[in-house]
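Work through the exercises below with the sequence and the model in view. Try each task before reading its solution.

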Amino acid sequence: FIAVAVSLGVLMLWSFLAEAGLAPMPFDPAKTAANLFSSPWNWRAGLALLAAGAAVILLKVREMRREQCIAFDNPSGEVAISMDAVEEFIRRAGAEFSGVKSLVPRIHAGAEGIGIAIRMDVWSGSNIPRLSEELQNAVKNKVQDSLGINVSGVSVSVGRFHSRPARLILPA
């Protein structure tokens with residue numbers, strides 16, 4: 001389906017560009033295909049087919065990412081933890097820090113364990129060096145202690161600073 005949708009989309013767009021004089025058609029399609037491509041809707045249909053093909057590809061890539069697991073042996077047998085579960089665990093661990101507004105962890109597997117890259121948004125006024133160090137140590141220790149996965153390193157980058165919302169003080 002993907003190959004057909006993408007191929008037809010490219011062919012229809014190419015035909016539109018050839019008719020407009022913007023790109024030469026390197027081959028002469030059969031009469032039936034010429035009739036199909038002479039429609040004023042062919043470039044719209046081509047775009048729709050390309051978008052559908054791209055959407056299916058993105059969904060498949062996301063599905064494959066969800067299926068990726070980190071596996072290790074335990075005395076009782078093999079243990080597999082999905083990458084999504086580990087990332088969610090790290091998000092929850094980072095939520096415990098008052099200076100962190102939000103964070104997005106990314107995991108990559110290596111020979112010596114997993115590497116964790118965290119992009120976080122922080123509240124203005126936070127002590128970034130102290131917050132980063134505490135977050136790195138906490139994430140590394142919690143992942144190793146709770147999940148049993150060796151962590152080779154944790155890198156942190158700050159994306160944005162946010163002002164804290166003003167508190168409404170009501171009279172007593």
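**Exercise 1: the core**

The largest nonpolar core has 22 residues, and those with the most contacts inside it are Val86, Ile90, Ile114, Ile116, Ile118 and Val143. Such a core is a set of buried Ala, Val, Leu, Ile, Met, Phe, Trp, Tyr and Cys residues joined through side-chain atoms within 4.5 Å. Buried means under 20% relative accessible area (1.4 Å probe, protein chains only).

This is a predicted model: local features need pLDDT of at least 70, side-chain atom pairs count only at pLDDT 80 or more, and totals for chains, interfaces and linings use all residues. Residues are numbered from 1 along each chain as its sequence is written, and side-chain values use heavy atoms, leaving out hydrogens and water.

Task: find which elements each supply at least two residues of this core.

Solution. 
1. Elements are DSSP runs numbered from the N terminus: helices (H or I, at least four residues) and strands (E, at least two).
2. The elements are α4 (83–94), β3 (100–110), β4 (113–123), α5 (128–147) and β5 (151–162).
3. Ile118 touches, among others, Ile90, Leu135 and Val154 (contact: heavy atoms within 4.5 Å).

**Exercise 2: helix α1**

Solution. 
1. Just after α1, Gly21 has a positive phi of about 80°.

Note on methods. Buried < 20%, exposed > 50% of the residue type's maximum accessible area, 1.4 Å probe, protein only. Lists of a residue's contacts leave out its neighbours within four places in sequence.
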